[in-house]
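Hi everyone, thanks for making the time.

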Amino acid sequence: HTAMALDAALCQQLRLQELRDVWEAKSLPEVRVRMGLVRGTVLAGNIGSSQRMKYGLVGDSVNLASRLEGLCKYYGVSVIIEQEAAFAPAVQNRFHLRLLDLVTVKGRTQATELYQLLAEKGDLPDEFDAEEDLQYFIGGFAEIHRLYRSKNFGACAEALKQYRRQFPQDTPSKMLLRRVETLLNEGLPADWDAVHRLVEK
């Protein structure tokens, strides 16, 4: 089910891109859709009373999915999924995913690993000229996170600068470089860990 959900998300994003091209030719406003996908248990069904009722979903996974949708704007991406979805059956073999960040979202204390859903394997997104660029976009940023989490901030900063020379418009690497430079300039707090704590929804 997780792989089917990710496939549906990519199909919707692709169709929306086609519609944006049509709308742009007609000088209509650009429309974008953000998506947050979580793999988890929810309560689903008709909720309410005999006087008033609606079909809905309730649960921590629903709340987290809503937070991830909002984080798409923060990170400048279209689709964010969390680690349970990223490592669900068939997902790693079928999809290109980029590690984005390790965060706690507002209202939760448990850290959540975020991944950007890029494309189905075998497809090359329009923003990449070659498969090698896509592999560096994914693998290079994973290595940067490894350096960051192991507190190797000097090497992390250099890797981020090189990464940003190839992907200057990438928001997650810009944000991480800002964090690393702050740590290099101000020193490492005694209670530092690699989790980025978000205070806004």
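**Cores, cysteines and salt bridges**

Let me start with Cys-156, which counts as buried because its relative accessibility is 0%; buried means under 20% relative accessible area, exposed over 50%, and partly exposed in between, with a 1.4 Å probe and protein chains only. Before I go on, a word on the ground rules: this is a predicted model, so local features need pLDDT of at least 70 and side-chain atom pairs count only at pLDDT 80 or more, while totals for chains, interfaces and linings use all residues. Residues are numbered from 1 along each chain as its sequence is written, and side-chain values use heavy atoms, with hydrogens and water left out.

Back to Cys-156, then. Which residues touch the most other members of the largest nonpolar core? Cys-156 is one of them, along with Ile-144, Tyr-148, Leu-160, Leu-176 and Val-180, in a core of 21 residues. By nonpolar core I mean a set of buried Ala, Val, Leu, Ile, Met, Phe, Trp, Tyr and Cys residues joined through side-chain atoms within 4.5 Å. Two or more residues each come from α5 (131-149), α6 (153-166) and α7 (171-186), where helices (H or I, at least four residues) and strands (E, at least two) are DSSP runs numbered from the N terminus. Helix α5 gives the largest share, 7 residues.

Have a look at Ile-144. Setting aside neighbours within four places in sequence, Ile-144 is in contact with Cys-156, Ala-159, Leu-160, Tyr-163 and Leu-176, contact being heavy atoms within 4.5 Å. There is also a second, separate core of 17 residues, with Leu-37, Val-79, Ile-81 and Ala-85 among them. As a general reminder, nonpolar side chains in soluble globular proteins tend to be buried together.

While we're on cysteines: how many disulfides are there? The count is 0, taking a disulfide as a pair of cysteine sulfur atoms within 2.5 Å. Take Cys-11: the closest cysteine sulfur, in Cys-72, is 17 Å from its own, so that is too far for a bond. Cys-11 is partly exposed, at 46% relative accessibility.

Now to the salt bridges. The structure holds 12 of them, each a side-chain nitrogen of Lys or Arg within 4 Å of a carboxyl oxygen of Asp or Glu.

In one, Arg-34 meets Glu-69 at 3.2 Å, N to O. This pair links distant parts of the chain, 35 residues apart: Arg-34 sits in the loop between α1 (2-25) and β1, and Glu-69 in helix α2 (residues 60-75). Both ends are partly exposed, Arg-34 at 38% relative accessibility and Glu-69 at 28%.

In another, Glu-120 pairs with Arg-94 at 3.0 Å, N to O. Glu-120 lies in strand β6 (residues 112-120) and Arg-94 in helix α4 (residues 91-94), so the pair ties together parts that are 26 residues apart in sequence. Glu-120 is partly exposed at 23%, and Arg-94 is partly exposed at 28%. Asp-7 joins Arg-94 and Glu-120 in a network of salt bridges.

And here is one more, between Asp-170 and Arg-98, at 2.9 Å, N to O. Asp-170 is in the loop between α6 and α7, and Arg-98 is in strand β5 (residues 95-104), 72 residues apart. Are these two residues buried or exposed? Asp-170 and Arg-98 are both buried.

That's my tour; I'm happy to take questions.
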